[in-house]
Amino acid sequence: MRRRLAPLCLTAAVGLCAWLAAQDQPASPKKSDSPQREGGAPMADAPEQAHWQQLTPEEERVIVGKGTEAPFTGEYTDTNDEGVYTCRRCGAMLYRSTDKFHSGCGWPAFDDEIPGAVTRLPDADGRRTEIVCAHCGGHLGHVFTGERLTNKNVRHCVNSISMRFVPAADVKFGRAIFAGGCFWGVEYWMERQPGVVRATSGYTGGHLDNPSYEDLHHRDTGHAEAVEVLYDPVATSFEALAKVFFEIHDPTQANGQGPDIGPEYRSAIFYLDDEQKATAERLIAELETKGLAVVTEVVPAGIFWPAEEYHQDYFTLRKTTPTCHFRRHVWE
Ligand SMILES: [Zn+2]
């Protein structure tokens, strides 16, 4: 029997229901073990710096001055509540509570990070590995391996003062749905973008409930192979992801993509709100000024049906790269 993921609610900002669905995912070797994500470097000159949290002197000492809070004094050392730990300075999502464990070391410990959220740097002491927020470069702590404290054998030792806890009910992911040919390749590229928490291959745009892969390719379902992207709205945006979408497939090919021919491989953006619709249409207009005859459909999103488990992380699990999608930069 195929394992199915629960369909998500139909909004651009996804809260608790997506959070709960994300917890159903198997511990993912997929993203953290994957090749280097794009743009891992801190973006300390990001324009949203103006929205960064004003730091107290003690926060500044740790986050900017790379200091360390005293052991067993931080507010998150022994917490267990379900939610997400974000960067105290910029608000980017860093760790899930499900990756937190008690190490006994006196600081909060995690054995995994939200993909792409943490950058590793050689510590100034020449021995340890420092970890910083990938979005703003703020100091978090250090990461250690080989201690055999958990199955993942990794310990992010993080200062409580570098983080802020957001309860699960208050977590808001951004959400986007793109169709651009074979979903294996679209998913591969999307899950490597900074700020993407999860990318899922699936089916949408048609009229058949609970479609299977066989239904899509042997029946008239109206569905397209598509990818649902959940992202941290602090670390990235619908516009940034939509630009990537246009750069990894050919938006001028009608009724297919490359050798994959048929409406199930059509190019489409399934928008979740008017802002996404306006952004998609503006980007298409920009491509048209570059001489491209774009055929990408911009249509309202319906139910997204996650595909069978064997379609998820197809290239990553096979430790290979897409033969169906390549990125060429259109926007600089
Ligand atoms: Zn940050």
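Predicted model: local features only at pLDDT ≥ 70, side-chain atom pairs only at ≥ 80, totals over all residues.
I began with E6 and strand E7 (residues 129-133), which pair in the antiparallel sense over 5 bridges; strands pair if DSSP finds at least two bridges between them. In E7, I found Thr129 as the bridge partner of Pro122.

Residues are numbered from 1 along each chain as its sequence is written.

Next I looked up the sheet. Its 6 strands run in the order E4-E5-E9-E8-E7-E6, and the sheet is open with antiparallel pairing. Strand E4 (100-101) and strand E6 (118-122) are the edge strands, each pairing on one side only.

Then I counted elements: the protein has 8 helices and 18 strands. Helices (H or I, at least four residues) and strands (E, at least two) are DSSP runs, numbered from the N terminus.

On to a helix pair. Helix H6 (residues 238-248) packs with helix H7 (residues 274-289) at an angle of about 40°, their axes 10 Å apart. Axes are lines fitted to C-alpha atoms, for helices over the stretch in contact, and angles run from 0 to 180 degrees between N-to-C directions. The contact is made by Phe238, Glu239, Ala242, Lys243 and Phe246 of H6 and Gln276, Thr279, Ala280, Leu283 and Leu287 of H7 (contact: C-beta atoms, placed from the backbone, within 7 Å).

Last, I checked burial: 44% of the 332 residues are buried, with 20 or more other C-beta atoms within 10 Å of their own, C-beta atoms being placed from the backbone.

Methods: Contact = placed C-beta atoms within 7 Å. Buried ≥ 20, exposed ≤ 12 C-beta atoms within 10 Å, placed from the backbone.
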